[in-house]
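Colleague: I'm opening this one for the first time. Could you walk me through it in plain words?
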Amino acid sequence: FTKRIDWLAANPSLPWRAVSLTGLVPAFLALWVRRKVAEPESWTEVRRTSDEVGYAELFRREHRAATLGGLGLCVVTLITWWSCNAFMPLVASFLASADGIDRAAFVTHSAVMFNLGGLVGTLLTIPGGAHLRRRTMFALYFAGGAIFLWLTFGLDLSAATRMRLLFPVGICIFGVVGAFSYYLPELFPTRLRGSGSGFCFNAGRYLAALGPTVGAHAAAIAPTPLDAVKWVGLLPAP
């Protein structure tokens with residue numbers, strides 16, 4: 001396994017292509033599901049009897065709080081995730097150089113730990129959604145993200161320890177996105193679920209683009225990249 005990781009590290013143009021190709025798997029699965037699974041009767045009836053939905057309806061008085069709440073949740077989550085993910089190679093390279101270890105391998109291992117944590121965190125949203133209140137579940141994820149970001153980048157630790165801590169960081173700030181697939185639709189009535197969920201997440205992505213931009217300026221003036229990233233933990237803390 002280590003040899004394979006080292007081989008990927010030595011060929012940096014291959015991993016992202018392989019990851020992109022894996023996106024075809026859920027795409028084909030979605031096509032199969034659409035062919036084999038019938039739409040719920042409640043949705044079919046609403047779609048048949050309701051007028052076409054416009055995004056302006058999301059900001060009517062009865063839906064405004066849900067729309068802004070869902071949008072705020074997405075913005076905080078995505079800014080936190082992008083700010084960490086975008087600067088992960090820079091931070092890992094800095095740590096490797098400071099400890100005199102192989103830079104390419106350390107960057108790859110750090111990314112693996114972060115993404116494995118994200119996978120575990122995503123899977124945990126399934127029992128979390130079944131057994132916890134939504135507010136409690138999100139509070140645990142956000143509090144964990146704030147704590148582990150500060151521990152990972154704010155304390156004086158070895159590069160190897162920081163790399164291992166990226167696993168719980170990934171669980172909290174990456175894995176929480178898995179809950180959006182069922183939480184965001186719950187905020188809206190049946191006829192608005194697709195539009196409301198899509199707006200909150202995709203508008204959140206546009207707004208979250210500010211995160212890496214601000215982070216880049218912060219990294220340029222901070223003593224080290226670690227000092228810039230650790231303050232990202234303030235975003236999910238409230």
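**A first walk through the model**

Modeller: Let's start at Leu24, which has its place in helix 3; helices here are DSSP runs of H or I with at least four residues, strands are E runs of at least two, and both are numbered from the N terminus. Before going on, please note that this is a predicted model, where local features need pLDDT of at least 70 and side-chain atom pairs count only at pLDDT 80 or more, while totals for chains, interfaces and linings use all residues. Residues are numbered from 1 along each chain as its sequence is written, and side-chain values use heavy atoms, with hydrogens and water left out.

Colleague: Zooming out, how many helices and strands does the protein chain have?

Modeller: Twelve helices and zero strands. The chain has 238 residues, and 37% of them count as buried.

Colleague: You mentioned salt bridges. How many turn up in the whole structure?

Modeller: A search of the whole structure gives two, where a salt bridge is a side-chain nitrogen of Lys or Arg within 4 Å of a carboxyl oxygen of Asp or Glu. In one, the side chains of Arg191 and Glu57 meet at 2.3 Å, N to O. Arg191 is in the loop between helix 9 (180-186) and helix 10 (193-208), and Glu57 is in the loop between helix 4 (41-49) and helix 5, so this pair ties together parts 134 residues apart in sequence.

Colleague: Is Glu57 buried or exposed?

Modeller: Glu57 counts as buried, at 12% relative accessibility.

Colleague: Changing topic, what volume does the second largest pocket have?

Modeller: About 350 Å³. Its lining has 19 residues, and the closest to its centre are Leu73, Arg135, Phe138, Phe142 and Tyr183. Helix 5 (61-99) and helix 7 (134-154) are the elements that give two or more residues to that lining, and helix 5 has the largest share, with seven.

Colleague: How many cavities of 30 Å³ or more are there?

Modeller: The count comes to one. On a 1 Å grid over the protein atoms alone, a cavity is a set of points where a 1.4 Å probe fits but cannot get out, a pocket is an open set with protein on both sides within 12 Å along at least five of seven lines, and lining residues have an atom within 4 Å of a point. Points are joined across faces, edges and corners, and a volume is the space filled by probe spheres set on them.

Colleague: What lines the largest cavity?

Modeller: Among the lining residues are Met88, Leu95, Ser110, Phe153, Arg162 and Met163. Helix 5, helix 7 and helix 8 (159-173) each give two or more residues to this lining, with the largest share, four, from helix 5. The cavity holds about 40 Å³ of space.

Colleague: Where is Leu95 found?

Modeller: In helix 5, and Leu95 counts as buried, at 9% relative accessibility. The C-alpha atoms of Leu95 and Arg162 are separated by 8.9 Å, though the two are 67 residues apart along the chain.

Colleague: And which helix is Val112 in?

Modeller: Val112 lies in helix 6, residues 103-131, and is partly exposed at 26% relative accessibility. Its C-alpha atom is 9.5 Å from that of Met163, 51 residues away along the chain.

Terms used:
Buried < 20%, exposed > 50% of the residue type's maximum accessible area, 1.4 Å probe, protein only.
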